[in-house]
Amino acid sequence: MNFLVEKYDSTLKQTMIQLGSSEKLAQARLKAIERVRAEHKKANEETVKEKEVLRVKFEELEGKLKSDRAAKKELAREKACLEQTAATLEKEKAEALEERDAAVAKLIKERQRLKDSRNLEVTRERERVQAAMTDKANRCFGRVCDYITRLDAWERRRIYTGKPQGRGNALR
């Protein structure tokens, strides 16, 4: 029976040793599990903080996106308004160019009319001056012809009569 008790004691001791080492192992595992849980908890807290920061950033970006969309719509409206204004201005420009071309054509016709009128005036003035010069030349020629005729008559008288007569008598 001693043998059995010894065997029982030795088995008990071995079991106790195994149990002690198992407890140590369990404690080590428990510490490792607690350490891992603490790390996970810390990581979760950090993740929650990051999520909160990212949520705030997301909300800011979403607000910016909405304001950008609104600004884009406003710019599209302004662009359409500007395009309409540009089309109106282009149409007014075309009308102004047509009016300018019509005015230029009218001024060209008026200038040509004035030029023709001036040419006619100059031509008539030349004709009047030429007629006046012709009249004056005819009067002068007539006086010269009269003078020569009287001079010839005086010369004939002087030759026929043999009397010298003064020149003053012949001109009267």
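One term before we start: buried means under 20% relative accessible area, exposed means over 50%, and partly exposed is in between (1.4 Å probe, protein chains only). You're looking at a predicted model, where local features need pLDDT of at least 70, side-chain atom pairs count only at pLDDT 80 or more, and totals for chains, interfaces and linings use all residues. Residues are numbered from 1 along each chain as its sequence is written, and side-chain values use heavy atoms, with hydrogens and water left out.

**Whole chain.** Zoom out. The protein chain has two helices and zero strands (DSSP runs numbered from the N terminus: H or I of at least four residues for helices, E of at least two for strands). Its radius of gyration is 68 Å, well over the 16 Å from the globule rule for 172 residues, so the chain is more spread out than a compact globule. That radius is taken over C-alpha atoms, and the rule is 2.2 Å times the number of residues to the power 0.38. The C-alpha atoms fill a box of roughly 225 × 35 × 20 Å along the principal axes. Of the 172 residues, 1% count as buried.

Tyr 8, Leu 12, Met 16 and Leu 19 make a nonpolar surface patch, with about 420 Å² of accessible area together. Areas come from the Shrake-Rupley method with a 1.4 Å probe; for residues, only the protein chains shown count as cover. Patch members have over 30% relative accessible area and no salt bridge; like charges are joined within 9 Å, nonpolar side chains (Val, Leu, Ile, Met, Phe, Trp, Tyr) within 5 Å. Leu 12 sits in helix 1 and is partly exposed at 38%.

Lys 73 belongs to helix 1 (residues 2-161) and is exposed, at 55%.

Arg 113 and Glu 110 meet in a salt bridge, 2.6 Å from N to O. The term means a side-chain nitrogen of Lys or Arg within 4 Å of a carboxyl oxygen of Asp or Glu. Both residues lie in helix 1, three residues apart, about one turn.

Glu 121 and Arg 118 form a salt bridge at 3.4 Å, and Glu 121 is partly exposed at 44%.
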